[in-house]
Structures are given as C-alpha cells and as structure tokens.
Amino acid sequence: MADINSKKENLVSKVYDYVLRMIMTQEIKCGEKIPEAMIVEKLSISRTPIREALRRLSNSGIIKIYPNRFAEVISFSDQDIKDLGFIRIMLDTIAAQLAVINGSNADFVRLKELTDLSIAKEKADDRLASIKLDCEFHMILSDIAGNPFLIEMQKDLYLKVELLLSITPTSIKDRLESIMHHYKIIEMLYKRESNGVIAAIYDHLAKFYKIDIEKYRTFTFNICDMASMRG
C-alpha cells in the first residue's frame, strides 16, 4: 500500500512540475486554459493525477479551477501587480527586520551566495533559473526571520511572484540592477541597521511594481522597536 501511495505521489509531483514549467515558460500563457487532453497524451497517464496536480497549483494561486469545466492560468491586471507589490514590500520589510534581530552572519553569507548565483544565471541567459533564485533569496530571508506564520504567508505569495517575473518583459540591464539590490539588503543585515534594510527593500521592489515609495512608506514601522514582544 505504501508503495502504491508513493508511486501516486511521485506521479502527481511529476505532473505538477510539468504543468508548472509550461506556465513559467509561457507555453501556457496567462488567461489560457490548461490543456488536460494534451497532457494525458504527452505523459501517457490518466486524468486523475493531472487533476490532483491542478488542484495543488490552484492552492498555490497560479491557476483557477472552474469545476466540471476547465482550469486556466491566472492573469494580472495593473492593479493586481500594484497590490502584489504592496504586500511584497510589507512582508519583506518585516522579514528583513526580523532577520536583523534573529539572523547570523552565516545566514547572510548564504544570501550572498544565492545572489552571486542568480547573477551568474542571468548573465548565462538562464532567466527562469535566475528568477527562481531571486525568489528563493526572499523565501530564505523569511526563514532567517524565524516567524513560521510569515513563512507560510510568503509561500502563498512567491509562486505568483515567480510567474509575474517570468512573464514581464524587462531588459537584462534592469534585471541585473534589481538582483544587485540584494547586496545592499545584505549589507544592511550585516550592519544590523533596521532602517537601512527597510530602505533597501523599498529600493529593490518599488520600481518594478511602480509603487510610489513615499505614499506607502508610512505603512512600514520599525519592528526593532517592538523586539521585546518576541521575548
């Protein structure tokens, strides 16, 4: 029984990864239906593992399922992008400030290594790998922060972020400039400068999401002033 369940899980994971890659490479574009029949034929499997994989993708927020009809990839309106950017800034500033309190220099070395690798992938024209590493940087920042609820919120967010980054046409110059902002974030983490890391997060994210920094800066508070709450 365990072997059967393991094989089923492996098959669902295979379908999940296959469909996810089709989405991230825009083989299936935003707003388009998931071609279940084609996947059945391509992978030589039944629809059952496909539907389970689609359910998981729906739980991740990058597809919508219309029961007994079809599933389609989500689309982003201009307002969706700004709303996503606003939430990213708020959660990332919290994560970075908690990392100032809870992170070690060894943790920050790990972030630098990820940034170095992301730049190398970008220069090698492996954009999808670079995007994944970019998102991993922010997920690890949340992990360093040490708040499990924050980590769960970020997990719900970052597959959508990865999709948005993959479909947005940008120059390699702009992408490298964005990744380079990670070094400023890391510098402020090493210095344990809470206000500095807040400013670095804003500089990193506001341009891409076309967010007026000054308009939203008042939403961000210095969590270090509340550090005693975590005692």
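Author: Happy to. Helix α6 (residues 127-145) packs with α7 at an angle of about 165°, and their axes are 10 Å apart. That makes α6 roughly antiparallel to α7, since angles under 35 degrees count as roughly parallel, over 145 as roughly antiparallel, 65 to 115 as roughly perpendicular and the rest as oblique. Axes here are lines fitted to C-alpha atoms, for helices over the stretch in contact, with angles from 0 to 180 degrees between N-to-C directions.

Reader: Which residues of α6 and α7 make the contact?

Author: On α6 they include Arg127, Leu128, Ile131, Cys135 and Met139, and on α7 they include Leu150, Ile151, Tyr158, Val161 and Leu165. Contact means heavy atoms within 4.5 Å.

Reader: Before we go on, where does the model come from, and how are things counted?

Author: This is a predicted model, where local features need pLDDT of at least 70, side-chain atom pairs count only at pLDDT 80 or more, and totals for chains, interfaces and linings use all residues. Residues are numbered from 1 along each chain as its sequence is written, and side-chain values use heavy atoms, with hydrogens and water left out.

Reader: Thanks! Back to α6: at what angle do α6 and α8 cross?

Author: Roughly 20°, and their axes come within 12 Å. That makes α6 roughly parallel to α8. Among the contact residues are Ser130, Phe137 and Leu141 of α6 and Ile179, Ile185 and Leu189 of α8.

Reader: And is the crossing of α6 and α8 left-handed or right-handed?

Author: α6 passes α8 in a left-handed crossing, whereas α6 passes α7 in a right-handed one. A crossing is left-handed if the near helix is turned anticlockwise from the far one by less than a right angle, and right-handed if clockwise.

Reader: What sits in the loop between α7 and α8?

Author: Thr168 is found there, with α7 spanning 148-167. Beyond its neighbours within four places in sequence, Thr168 is in contact with Arg127 and Phe208.

Reader: Is Thr168 buried or exposed?

Author: Thr168 counts as buried, because its relative accessibility is 19%. Buried means under 20% relative accessible area, exposed over 50%, and partly exposed in between (1.4 Å probe, protein chains only).

Reader: Which residues other than glycine have a positive phi?

Author: Asn68 is one of them, with phi near 65°, and Arg192 is another, at about 60°. Asn68 is in the loop between β1 (63-66) and β2 (70-73) and is exposed, with a relative accessible area of 85%. Arg192 lies in the loop between α8 (172-191) and α9 (194-209) and is partly exposed, at 35%.

Reader: Zooming out, how many helices and strands does the chain have?

Author: Ten helices and two strands. Helices (H or I, at least four residues) and strands (E, at least two) are DSSP runs, numbered from the N terminus. Of the 231 residues, 42% count as buried.

Reader: Last topic: where is confidence lowest, and where is it highest?

Author: Confidence is lowest in helix α10 (residues 213-216), at a mean of 64, and highest in helix α5 (residues 105-123), at 97. The chain averages a pLDDT of 89, and 90% of the residues score at least 70; pLDDT is the predictor's confidence in each residue, from 0 to 100. Over residues 226-231 pLDDT stays under 50, and the model has seven contacts for them beyond four places in sequence.
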